[in-house]
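Please look at the model first.

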Amino acid sequence: MVKALIIEDNDYFRETLRDLLRSEFPCVTFEEAGDGDEALQKIEVLCPELILMDIKLPGESGLEITKKVRQSFLEVTIIILTNYDLPEYRDAALLHGANYFLSKGSSSTEDIIQLVDSVIKDMK
């Protein structure tokens, strides 16, 4: 079973994303974190294979968490999912070690599902 962690401070968005992904991917266990500190704790315990993460978080930013995760967990796939669809954020996310960058505003539900599906298939 694939382990995934959704790191998002907006409760409504996080819960909606979790419910959507759980219904599409019953073979994946989805855990959640609402801030940077909780995220780092859950990453250490869960050792997820997939992380979906916002950039702007209370505590450490998604970029800093990505950098720390990449140092210890080389195989994890990190998808940055943010409202900040700017080239400098996209570049910073990739520079810090994210595998993918999606904008919440311009990515459809189907875009997210297709990307997660592709990542999960690559893990098998």
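In this predicted model, the buried residues of helix 2 are covered by elements that include strand 1 (2-7), strand 2 (28-33), strand 3 (50-53) and helix 3. Helix 2 itself spans residues 36-46, and its buried residues are Gly 36, Ala 39, Ile 43 and Leu 46. These lie on the same side of helix 2 because they cover an arc of only 105° around the axis. An α-helix has 3.6 residues a turn, so residues three or four places apart point the same way. Gln 41, Glu 44 and Val 45 are exposed, on the face of helix 2 turned away from its buried side.

Just after the helix, Cys 47 has a positive phi of about 50°.

Helix 4 (residues 87-96) has Tyr 89, Ala 92, Ala 93 and His 96 buried. Their arc around the axis is only 100°, so they sit on the same side of helix 4. Pro 87, Asp 91 and Leu 95 are exposed on the other side. The cover over the buried residues of helix 4 includes helix 3 (62-72), strand 4 and strand 5 (100-103). Gly 97, which follows helix 4, has a positive phi near 115°.

Strand 4 (residues 77-82) contains Thr 82. Thr 82 is buried, with a relative accessible area of 0%. Beyond its neighbours within four places in sequence, Thr 82 is in contact with Asp 54, Ile 55, Phe 101, Leu 102, Ser 103 and Lys 104. With Asp 54, the side chain of Thr 82 makes a polar contact to the side chain at 3.3 Å.

Note on methods
Residues are numbered from 1 along each chain as its sequence is written. This is a predicted model: local features need pLDDT of at least 70, side-chain atom pairs count only at pLDDT 80 or more; totals for chains, interfaces and linings use all residues. Side-chain values use heavy atoms; hydrogens and water are left out. Helices (H or I, at least four residues) and strands (E, at least two) are DSSP runs, numbered from the N terminus. Buried means under 20% relative accessible area, exposed over 50%, partly exposed in between (1.4 Å probe, protein chains only). A polar contact is a pair of N or O atoms within 3.5 Å; within protein, one must be able to donate a hydrogen and the other to accept it, and residues adjacent in sequence count only if both atoms are side-chain atoms. Contact means heavy atoms within 4.5 Å. The arc is that of the directions from the helix axis to the C-beta atoms.
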